[in-house]
Amino acid sequence: MSEPAVQIAALIERSRKAQAAIADYTQEQVDELITAMVYAVARDDRAEEIARFTVEETQLGNYEGKYLKIHRKTRATLMDIINDKSVGVIEEIPERNIVKIAKPVGVIGALSPSTNPEATPVIKAIAAVKGRNSIIIAPHPRAKLTNKKICDYMRDALERCGAPADLVLYIETPSLDLTNELMAQCDRILATGGVRWCVPPIRVAPLRSVLVLAMRVSPWTTPRILMRRLKRSVFPKPSIWLLHVPLITPYLSLSPFMMRC
């Protein structure tokens with residue numbers, strides 16, 4: 001195995017262990033975790049700190065805009081999903097004798113852009129944990145310290161709730177090789193980013209070359225599902241992927257529950 005493959009395999013192993021620890025969590029326990037994760041970064045003092053730090057590191061945007069995104073957008077996303085069911089029976093259709101039961105996907109591989117490094121990791125992380133999954137975030141190199149700060153706050157919040165901190169992991173020194181390996185080894189991909197990082201040809205080409213269901217948010221925030229070279233032997237039984245896409249003015253926030261039934 002190459003060095004990037006070994007590094008990512010170690011992260012995947014830690015992430016799977018953490019995910020297994022919450023696989024039997026109740027809906028109430030899951031919702032407590034995501035609430036704590038959002039509060040850890042969206043409260044006034046933290047939001048101000050993160051906003052200033054993000055602008056200083058990335059040299060993109062302005063303090064006011066960053067503050068509003070971390071302070072309001074993350075809380076708005078939480079409020080949009082907090083009352084939705086993601087554990088156990090989530091829907092029954094008696095006339096068709098169908099009962100839908102939510103099941104975690106596993107380890108989510110997520111890409112975070114330099115243009116929105118203050119909100120993207122949080123929104124993707126709570127979407128993953130809502131479905132009792134773990135997540136590994138690959139940040140843009142220009143925003144790696146912002147990503148670390150935010151993820152560390154969420155990890156601390158998870159520990160305070162008695163859950164494994166490794167439900168949220170991240171690549172500390174991001175590179176294309178490490179990101180490619182993450183996309184190849186994880187169970188599902190959430191790709192978001194700018195032209196130089198996540199959009200063709202650099203990032204979507206690898207997305208299409210791996211046997212993993214990928215979800216991408218591209219410019220103009222248009223969600224796309226990318227599936228290619230998926231063989232019946234890879235997914236022998238049909239899966240229903242449940243996606244939840246809330247519209248939060250003035251942003252389109254993509255927050256899929258990572259679960260299947």
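Helix 2 and helix 3 (residues 44–58) pack at about 60 degrees, and their axes lie 5 Å apart. The model is predicted. Three residues of helix 2 take part in this contact: Ala 40, Val 41 and Ala 42. From helix 3 come Asp 44, Arg 46, Ala 47 and Ile 50. Sorted by class, the contact of helix 2 with helix 3 holds five nonpolar and two charged residues, with no polar ones.

Now turn to another partner of helix 2. Helix 2 spans residues 27–42, and helix 4 spans residues 63–81. Their axes are 9 Å apart, at an angle of about 170 degrees. That angle makes helix 2 roughly antiparallel to helix 4, because angles over 145 degrees count as such. The crossing of helix 2 past helix 4 is left-handed. On the helix 2 side, the residues in contact are Ile 34, Thr 35, Val 38, Val 41 and Ala 42. They meet Ile 70, His 71, Thr 74, Arg 75, Leu 78 and Ile 81 of helix 4. By class, seven residues in the contact of helix 2 with helix 4 are nonpolar, three are polar and one is charged.

Ile 135 belongs to strand 4 (residues 134–139). Is Ile 135 buried or exposed? Ile 135 is buried, because its relative accessible area is 0%, and under 20% counts as buried. Leaving aside neighbours within four places in sequence, Ile 135 touches Ser 15, Ile 108, Ala 110, Lys 124, Ala 125, Ala 128, Leu 167, Val 168 and Leu 169. Leu 11 is 124 residues from Ile 135 in sequence. In space, their C-alpha atoms are 10.0 Å apart.

Definitions and conventions: Residues numbered from 1 in each chain as written. Predicted model: local features only at pLDDT ≥ 70, side-chain atom pairs only at ≥ 80, totals over all residues. Heavy atoms only, no water. Axes fitted to C-alpha atoms, helices over the stretch in contact; angles between N-to-C directions. Helix = DSSP H or I, 4+ residues; strand = E, 2+ residues; numbered from the N terminus. Parallel < 35°, antiparallel > 145°, perpendicular 65-115°, else oblique. Left-handed = near helix turned anticlockwise from the far one by under 90°. Contact = heavy atoms within 4.5 Å. Nonpolar A, V, L, I, M, F, W, Y, C, P; charged D, E, K, R; others polar. Buried < 20%, exposed > 50% of the residue type's maximum accessible area, 1.4 Å probe, protein only.
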